[in-house]
Amino acid sequence: MAEKITHSICVGGPIAIHTVDGVIRRIRPVVLDNNDPKGWTIKARGEEFTPTRKLQPGFIAMTEKNRAYSYDRIRYPMIREDFVETPDGQNRNTEMRGKSGYRRASWDEALDLIVREIKRIQGMYGKESVTAMTSSHHSWGNVGYKLSTFARFFRMLGYTEVKDNPDSWEGFTWGGPHTYGYYWRLGGTEAFDLLEDALQNVETMIMWSHDPDTTRGGYAGNESTMWRHWLNDLGVQFIYIDPFNNFSSVKQADKWLAPRPGTDAALCEAIAYVWLTEGTYDKEYIAKHGHRFDEWCDFILGNGADRLAKTPKWCEAETGIPAADIKAMARRWASTKTMGGSGMRGGFGGVCRTANGTEFARTMMLLFAMQGMGKPGQNVWSGSTGAPMDYDFWFGGYSDPLAQIANEPIADKTAVNSVTQKLYRTNLPEAILNGHYEWYGEGFCGGGIDLEFTEHIYPEPGCSKVHMFWRYGGTFMGTMLDTNKWVKMYQSSELEFVVNQDIHFHGEARFADVVLPACTNLERYDIGELCNSGNGGYQSHSQTGNSWQIVVFQDKAIEPLWESRSDYWIFAETAKRLGWGEEFTEGRTELDWCKRFWEKSDLCDRISWEDFTKKGYYIVPVPEDRIRRPGFCWFAEGYACDTPNHKPFQEEGKLGTFTGKFEFVSESLLYWAPHDEARTPIASYKRSWEGHHSIKARKYPFHLISPHPRFDYHTQHNSSTPWFWEIPENREYINGNPYLVARVHPEKAAEKGIKDGDIIELFNERGSVLCVARVTYRVEVNTIHAYGSSGVYNPVVPGEMSQDIGGCVNVLTPGRLMGDMVPGMAPNSTLMDVRKHEDCLPLGQMFEYKLDKVARG
Amino acid sequence: MANTIMIQHMFKKDGFYKAPDGKVYKIVVSEIWNLRAFEIQNGKMTGPMVKIHPESDLAKSLVEVE
C-alpha cells in the first residue's frame with residue numbers, strides 16, 4: 001500500500017493527488033513547505049497583509065477524483081450502430097444522430113475508419129472540407145491544451161478553422177477598445193498592482209454583475225477570496241449591482257441594487273447625470289484625458305438628438321431601481337475613493353453578454369474615467385486580480401504562441417494550416433445548414449481594432465463547404481446559444497462524418513458517428529502555471545489573480561482508465577496512420593514535450609528538471625524590492641506607460657484609441673461603423689432587441705439570466721461530477737433526476753401558483769427546460785436566474801428538439817448576435833415564461849444510466 | 001515613477017537583431033521588464049530563451065536585420 005503524491009492543475013486550481021495502488025484516494029490543496037519562498041507582504045492602513053501558505057483552489061477542484069471516476073466516462077471507442085460507411089458519404093442515417101445507440105469498437109477500427117474518411121472527404125472536396133472545434137476550455141496543461149496538441153494536429157492536416165468568439169466578455173471585447181483602447185487585452189483593463197492600491201486607498205467597491213466567489217478569477221480558484229475579506233475588515237463598503245443577489249453579494253454587500261436585465265447602461269447614464277448636474281466629477285482629468293466629452297454631456301442632459309434627459313427618475317422606469325438609490329450610489333461613488341468593475345478582471349460580468357453589452361461596457365468605463373481612473377483608489381478593479389508577482393519570470397500560458405507544441409520554439413517546426421477558409425463558432429450551425437454565412441471580425445481581435453471589421457464569407461470563394469466535423473472537448477450544447485440549432489446541424493446530411501473526442505459522455509457526444517475516449521489530465525503528463533492564460537497572449541499576466549505564482553509538473557497520477565487515451569496519443573496515432581506521425585511527434589513523448597517547456601522558459605534557470613519533477617511544483621518568489629507600478633497610474637499622472645504588456649504608443653502616455661484618450665464619442669466607430677445602430681459612436685443605452693420593451697415581452701414577460709456557473713466550469717463538472725448534485729442550491733433530486741435550480745421571485749411565483757421545490761417549466765418559442773423552483777427574494781422581480789453552461793444537455797426524447805431536463809437553459813437563449821456588425825453573443829437577453837409543471841415527469845432519464853443505455857456491449 | 005527604458009521603441013517584437021559576434025536573435029518578448037529572444041540558426045529558434053537586459057552591452061550592440 002505505497003501512497004504516491006502527485007500534483008496537477010485543473011480549471012479550479014492546483015491540487016495534490018494521493019494515489020494508493022493505482023487508485024486516487026484523495027485530492028487536497030497544495031500546502032507550501034519551509035523550502036518554498038515566503039509570500040509577498042502589503043502594508044496598508046497600519047496593517048500587513050500576506051497570503052496563507054496554502055494554495056486556495058476552488059471547490060470544484062476538490063472533486064477531480066469524482067470527475068475522473070465519473071459514471072459517464074467514455075470507456076472505449078464507439079461507432080454509431082446505424083452508421084453506414086458509404087463510398088460517397090450519402091445515406092448514412094445522419095438524421096439518427098442523437099438517437100441511435102453505439103457499438104464498441106477497437107482503437108484500430110475507430111482510427112482506421114477516421115483516417116479513411118479524412119482521406120475520402122479531403123480527396124473529394126479539398127482540405128477545407130474538414131473542420132474541427134474545441135470546447136470553451138479544456139483540461140489544464142500546456143501540452144494537452146486545445147491550442148497545443150489539437151492545434152498541431154489540425155494545422156498539419158489542413159482544415160477550416162472555427163474562430164472562437166470571446167464568449168465570457170463579449171461587450172468588453174466589442175465595446176471597450178472603442179472607448180479606451182486595450183484591444184490587445186481584448187477590451188479588458190490592466191490591474192497590475194491594484195490589490196495594493198485598493199488595500200491602501202479604496203473606500204467603496206462597485207461589484208457590477210460580479211460574483212467573484214463564484215467565477216473564481218477565471219482559473220485562479222479562490223486565491224483572491226481572502227483579499228476581499230481584508231477589504232471588508234478595513235471598512236470598505238461594497239455595492240453589488242446584479243439582478244441576482246449572488247453568492248458573493250449575500251455575504252458581503254452593504255447594498256444590493258437589482259436592475260432589470262439589460263438596462264445597466266441606463267443606470268450608467270443616470271449616474272453620469274447626477275455627477276454632471278451636481279458637478280461631482282473630475283473636471284481636470286476629463287479636460288486632459290477625455291475626447292468629445294461635451295457632446296456626450298449634451299446627450300446625457302437631454303440636449304442630444306433624442307432630447308431625453310437621463311435622469312434618475314427616467315432610469316428608475318427603465319431599471320426598476322428607485323431614483324433615490326441611484327442618486328445615493330452616485331453621490332457615494334463621487335465622494336469616496338471608488339474602485340469596481342464588471343466580473344473578474346474588470347470586464348467579464350453577465351451584463352456584457354446582453355444585446356447592448358457593448359454599450360454597458362463603454363458607459364461603465366466612462367464613469368470610471370469621470371472619477372479620475374488611475375488615481376490612487378480610483379480604478380477599474382474588481383477584487384480578483386492585481387496581486388504582486390514577479391513580472392521578470394517567464395513561463396508561457398496556454399494562449400501564448402511561444403508556449404504551444406504547435407509552434408517554435410517548443411516544436412522544432414511550426415505547424416502551419418494550409419487552409420484559409422474559416423467559420424465562426426456561434427453560427428456554425430447556420431453555416432452548415434444554410435451552406436452560406438457572412439460575418440464581421442476575427443473573434444479574438446487582439447491584433448488591432450480594425451480586426452473587428454474584417455469581412456468573412458463561408459464558403460470562401462473557390463473553397464468547398466465543410467463535410468466532416470471533429471468535435472473535441474466538452475459539450476457546446478450547454479454553453480452555446482439556441483441549443484436546438486446544433487441538433488439540426490448534427491442531423492444534417494451536409495455533415496457526412498462526425499467525430500467526438502471527449503472524456504465524458506456529454507449530451508453532444510451522442511451526435512457523433514465515432515466517439516473517442518480521452519483521459520483526464522490526472523492520467524497523463526503535462527505542465528502548466530496556475531491561471532496563466534498567456535504572457536503575451538490575451539489578457540496577459542492573469543496570474544495576478546493568484547496569491548502565489550506556481551508552475552506545476554502535472555504528473556501522471558494513474559494510468560488512463562478503461563480504454564481511454566491521452567489527446568496527444570489519439571492525435572499521434574491518427575497522424576501515424578495518415579503518414580506523418582514522425583513529423584507530428586518530432587520523436588517526442590508527452591513527457592519529452594513537458595521538458596521542452598521547462599528548458600525553453602525561465603524555469604530551467606530556477607530549478608533543475610529532476611528537482612522540479614520530484615517536488616512537483618515551483619513557487620515563483622516575489623522580490624522584496626519589487627517596484628510598484630499600479631495600472632493606469634501612468635495615464636492619470638501623464639508619464640510613459642510602465643506596466644507590462646503595453647504598446648509603444650502607451651510609452652507616449654496614450655491609450656489605444658484613435659485619439660489616445662477616453663473617447664466619449666468613438667472615432668474608431670465613426671470611421672468603421674458610423675451607421676451601426678447597435679453600437680453607436682456615442683456610447684449610450686439602447687433598448688434590447690429582446691427585452692421588456694419588445695412586443696415579445698407580452699407573451700414572454702420574464703428575463704432569463706444564465707451567468708457563469710458556480711457549480712461547474714463551463715462543460716467540465718456538473719454533468720460528470722455527481723457530488724455536486726447533492727448541493728441544494730445547485731440541483732435537487734426529484735423522481736431520480738437531479739433538476740437544476742431556477743430562482744423565481746416570490747411575487748411572481750405566487751402569481752403563477754409556484755411553490756419552492758416545485759418542478760417548473762421555463763419556455764419560449766425556442767424550447768423548454770424543466771427545473772426545480774427556488775422561490776427567493778434574491779432575484780429581481782421580473783427575472784428568472786438559472787446558471788448557464790451547465791454542460792448537461794438531457795432532452796426527454798434524445799435527438800429531438802424536445803424538452804430538456806438536464807438544466808440546459810441555452811435551449812431558450814437567442815442565436816442572434818448583438819448587432820449586424822457586433823458578432824458577440826447575448827444569452828442574457830432572453831425572454832421566456834414560466835409555469836408549474838403538472839404533467840407526469842419523464843421516466844428513465846436518470847443520468848446514471850445514460851451511457852450504459854446507448855453503449856451496446 | 002516611470003521607467004525610462006522604452007524597450008518597445010528599441011526592439012520590435014518578432015524582429016530579428018544581429019549581435020557583433022554574428023549571432024542573430026529573434027525578439028519574442030518586448031516588455032518593460034522583459035526583453036527575451038531566441039537565437040536563430042538555420043531559420044529556426046534554437047537553444048534556451050535568452051534574457052537580455054535592455055541596458056546591457058549586448059542590447060546596445062544589437063542591430064536590426066531583415
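Predicted model: local features only at pLDDT ≥ 70, side-chain atom pairs only at ≥ 80, totals over all residues.
Trainee: Let's start with chain A. How many helices and strands does chain A come to?

Mentor: The secondary structure of chain A comes to 26 helices and 35 strands. The radius of gyration is 26 Å, close to the 29 Å that the globule rule gives for 857 residues, so chain A is as compact as a globular protein of that length.

Trainee: What does the C-alpha trace of chain A span along its principal axes?

Mentor: About 75 × 65 × 55 Å.

Trainee: And what percentage of chain A is buried?

Mentor: Buried residues are 63% of the 857 in chain A. Take the contacts in chain A with a separation of 6 or more: 76% of them join residues 24 or more positions apart.

Trainee: Which domains is chain A divided into?

Mentor: Domain 1 covers 170–388 + 628–651 + 659–672, and domain 2 covers 696–856. Their C-alpha centres lie 31 Å apart. The contact takes 22 residues from domain 1 and 20 residues from domain 2.

Trainee: Which helices supply the side of domain 1 that touches domain 2?

Mentor: α4 (170–180), α6 (212–215) and α14 (357–370) of chain A each supply at least two residues. α4(A) gives the most to that side, with four residues.

Trainee: Switching to the cores. Which residues have the most contacts inside the largest nonpolar core?

Mentor: L704(A), A742(A), V744(A), L762(A), C771(A) and I784(A). That core has 174 residues. Helix α3 (residues 146–157) of chain A brings the largest share, seven residues.

Trainee: Where does this core lie relative to domain 1 and domain 2 of chain A?

Mentor: Both domains give residues to this core, so it lies between them.

Trainee: Take L704(A). What does L704(A) touch?

Mentor: Leaving out residues up to four places away in sequence, L704(A) touches L762(A), I784(A), A786(A), V809(A), L812(A), T830(A) and M832(A). There is also a second, separate core of 90 residues. Y180(A), L195(A), M370(A) and W381(A) are included in that second core.

Trainee: Now β28(A). Is β28(A) mostly covered or uncovered?

Mentor: Mostly covered. Strand β28 (residues 737–744) of chain A has eight of its eight residues buried.

Trainee: Which strands pair with β28(A)?

Mentor: Strand β27 (residues 731–734) of chain A pairs with β28(A) in the antiparallel sense over four bridges. There, I734(A) stands opposite N737(A). Strand β30 (residues 767–775) of chain A pairs with β28(A) in the parallel sense, over four bridges. In β30(A), V772(A) is the bridge partner of V741(A).

Trainee: What do β27(A) and β28(A) form?

Mentor: A hairpin, with two residues between the strands. N735(A) in the turn has a positive phi of about 55°.

Trainee: On to chain B. What order do the strands of the open sheet have?

Mentor: The five strands run β4-β3-β2-β1-β5, with antiparallel pairing. β4 (44–51) and β5 (63–65) of chain B stand at the edges, each with a single partner strand, so one side of each is left without a neighbour in the sheet. The twist averages 40° from one strand to the next.

Trainee: Over how many bridges do β2 and β3 of chain B pair?

Mentor: Six. β2 (residues 24–30) and β3 (residues 35–41) of chain B pair in the antiparallel sense over six bridges. In β3(B), F38(B) is the bridge partner of K26(B).

Definitions and conventions: Residues numbered from 1 in each chain as written. Chains lettered and ligands numbered in written order. Pairing = 2+ DSSP bridges. Axes fitted to C-alpha atoms, helices over the stretch in contact; angles between N-to-C directions. Rg over C-alpha atoms; globule rule 2.2 N^0.38 Å. Buried ≥ 20, exposed ≤ 12 C-beta atoms within 10 Å, placed from the backbone. Contact = placed C-beta atoms within 7 Å. Core = buried A, V, L, I, M, F, W, Y, C linked by C-beta atoms within 7 Å. Domains from an automatic or database assignment.
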